[in-house]
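This briefing goes through one protein chain, topic by topic. Keep the sequence and the 3D view open while reading.

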Amino acid sequence: TALSASQINLVINLLLLVLGFAILGKNFGVKTAYVTVLSSLLLNVFEVVFPMKAPLTNEIMLELCFAILLPAIASALLFYASGGGTDIIAMVIKKYSTMNVSTALLWTDLVVVVCAFLVFDTVTGLCSILGLLAKSLVIDKFIERMKLNKYFTIVSTNPDPICNYITHDLHHSATTYHAEGAYSHKDRVIILTVVDVKQAIYLERFIKKNEPSAFIMVTKSSEIVGKGFTSYI
């Protein structure tokens, strides 16, 4: 067509934006509109400032690696404010199915990849499939990393300083219950709390300094639902 790639991108994104706004709600539409318009305008600007008539290098695998990594990081960062395009379709599928966003994105992008076989050559199509699979894996890992929290089970004889540190310094809450040691039959207090990765280091240091005899079990979790963490779906 007579349209440039950035102009086609803008038209398709605007159509999908209307779809996302209607199905996913006003808040999603506003955030996505900002991202979609900004990215589309920047594409138009970059076409003028950095005109490209060919790939940056002749190394197809090097190009593919960055074509996977950069969009995957962007998609993960914009998980709650879709970046437009097939991200919007993926979020719609996620809302009405049991798929997570990366799996939904995989299936929607698969349609585009199939078109690569029809419009371009076999090498482009095969590289597109490879890139699509790798991108889905990278998005999964980045989303999991960004949502990562640590769940603490602390067996303590002096829980008050630890609870005070969690509530006043880390600004989280904790749950406590009384227990009895199976061997010593001495009373213990079990403290349950969830903090982010950075706060977990501070909490471990505090416990080591103030109650080195405490027994700590730490579990990684990327699905914490409730106040202060992820909202209910």
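This is a predicted model: local features need pLDDT of at least 70, side-chain atom pairs count only at pLDDT 80 or more; totals for chains, interfaces and linings use all residues.

**Cysteines**

- Cys-65 has a relative accessibility of 45%, so Cys-65 counts as partly exposed, a class that lies between 20% and 50%.
- Cys-115 counts as partly exposed because its relative accessibility is 38%.

**The chain as a whole**

- The chain contains 8 helices and 4 strands.
- Read from the N terminus, the order of these elements is α-α-α-α-α-α-β-α-β-β-α-β.
- The chain has 233 residues, and 31% of them are buried.
- Among contacts with a separation of 6 or more, 68% are between residues 24 or more positions apart.
- The accessible surface of the chain is about 15,300 Å², and carbon and sulfur atoms account for 67% of that surface.

- A nonpolar surface patch covers about 1,100 Å².
- The residues that make this patch are Met-99, Trp-107, Leu-110, Val-114, Phe-117, Leu-118, Val-119, Phe-120, Leu-126, Ile-129 and Leu-133.
- Two elements give two or more residues each to the patch: helix 5 (101-119) and helix 6 (122-146).
- Helix 5 provides the largest share of the patch, with 6 residues.
- One of the patch residues, Ile-129, lies in helix 6.
- Ile-129 has a relative accessible area of 32%, so Ile-129 is classed as partly exposed.

- Is Leu-132 buried or exposed? Leu-132 is buried because its relative accessible area is 7%, which is under the 20% cut-off.
- Apart from neighbours within four places in sequence, Leu-132 is in contact with Leu-106, Asp-109, Leu-110 and Val-113.
- One of these contacts, Leu-110, is also a member of the nonpolar patch.
- Leu-132 and Ile-68 are 64 residues apart along the chain, and their C-alpha atoms are separated by 7.6 Å.

- Strand 1 covers residues 149-156.
- Which strands pair with strand 1? Strand 3 (residues 187-196) is joined to strand 1 by 8 bridges, and strand 4 (residues 215-221) pairs with strand 1 over 7 bridges.
- The pairing of strand 1 with strand 3 is antiparallel, and the pairing with strand 4 is antiparallel as well.
- Val-155 stands opposite Ile-190, a residue of strand 3.

**Thr-153 within strand 1**

- Thr-153 is a residue of strand 1, and Met-217 in strand 4 is its bridge partner.
- Thr-153 counts as buried because its relative accessibility is 14%.
- Setting aside neighbours within four places in sequence, Thr-153 is in contact with Ile-190, Ile-191, Leu-192, Phe-215, Ile-216 and Met-217.
- Met-217 is therefore both a contact of Thr-153, with heavy atoms within 4.5 Å, and its bridge partner.

Definitions and conventions:
Residues are numbered from 1 along each chain as its sequence is written. Side-chain values use heavy atoms; hydrogens and water are left out. Buried means under 20% relative accessible area, exposed over 50%, partly exposed in between (1.4 Å probe, protein chains only). Accessible areas come from the Shrake-Rupley method with a 1.4 Å probe; for residues, only the protein chains shown count as cover. Patches are made of residues with over 30% relative accessible area and no salt bridge: like charges are joined within 9 Å, nonpolar side chains (Val, Leu, Ile, Met, Phe, Trp, Tyr) within 5 Å. A salt bridge is a side-chain nitrogen of Lys or Arg within 4 Å of a carboxyl oxygen of Asp or Glu. Two strands pair if DSSP finds at least two bridges between them.
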